[in-house]
Amino acid sequence: MKETPADAAQNTESIADTIERLGAVVPDYPKPGVVFRDLTPVFADGPAFQNVVDSLLAEYEGRFDYVAGIEARGFLLAAAAAYAAGKGVLTVRKPGKLPRDVYSESYSMEYSENTLEVHRDDFPAGSRILILDDVLATGGTLAATARLIEKAGGVVAGFGVVLELRDLGGRGALDGYSVHALTTY
């Protein structure tokens, strides 16, 4: 089978370059003045998505027992990463989506207030949890997820994100935790 120019680019470019090439920039979304970086085209490209997942996992190889994904795009990353690593996947959901007893954690986001939940019994106490999401912005969602995992008895192994919006200072909210971003803007 003959290699296409897109195949050749993916074989030679960095993961950051792949994200830049495939990611879409949407001005004024979800409100005027915001530049939204849409990663769904990266996820839709099989080789690129595989490279993203492999790159997130490589940073934490051997250092986690479960992978947690944050609703909703984090689910895509966490499910693929858990499968690739042979680990369990945990879903961190918005309120009212989980049917059993939950722990809840409220937090502030860039545009609003929100709450996340996790089942109380999805993993044993002391489990090392790798938390994955698409974007690190202000850090509110990821910090709330860390508090939630710790409230449930887990240990945060680290955070993996596809891209970090550096100017929003999200790493500051995650001080003391390992944070790995595949690219920054």
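I started at serine 127, which touches Asp65, Tyr66, Gly153, Gly154 and Val155, leaving aside residues up to four places away in sequence (contact means heavy atoms within 4.5 Å). This is a predicted model, where local features need pLDDT of at least 70, side-chain atom pairs count only at pLDDT 80 or more, and totals for chains, interfaces and linings use all residues. Residues are numbered from 1 along each chain as its sequence is written, and side-chain values use heavy atoms, with hydrogens and water left out.

I found serine 127 in the loop between strand E6 (113-119) and strand E7 (128-136); strands (at least two residues) and helices (H or I, at least four) are DSSP runs numbered from the N terminus. Serine 127 counts as buried because its relative accessibility is 6% (buried is under 20% relative accessible area, exposed over 50%, partly exposed in between, with a 1.4 Å probe and protein chains only).

Next I looked up salt bridges, and the structure holds nine (a side-chain nitrogen of Lys or Arg within 4 Å of a carboxyl oxygen of Asp or Glu). One of them joins arginine 128 to aspartate 65, with the closest N and O atoms 2.9 Å apart. Arginine 128 sits in strand E7 and aspartate 65 in the loop between helix H4 (46-58) and strand E3 (66-70), so this pair ties together parts 63 residues apart in sequence.

I also checked lysine 151 and glutamate 105, whose closest N and O atoms are 3.1 Å apart in their salt bridge. Here helix H6 (residues 140-151) is linked with strand E5 (residues 102-108), the two residues being 46 apart. Glutamate 105 is buried at 12%, while lysine 151 is partly exposed at 39%.

Last, I noted a salt-bridge network linking Arg100, Asp121 and Asp122.
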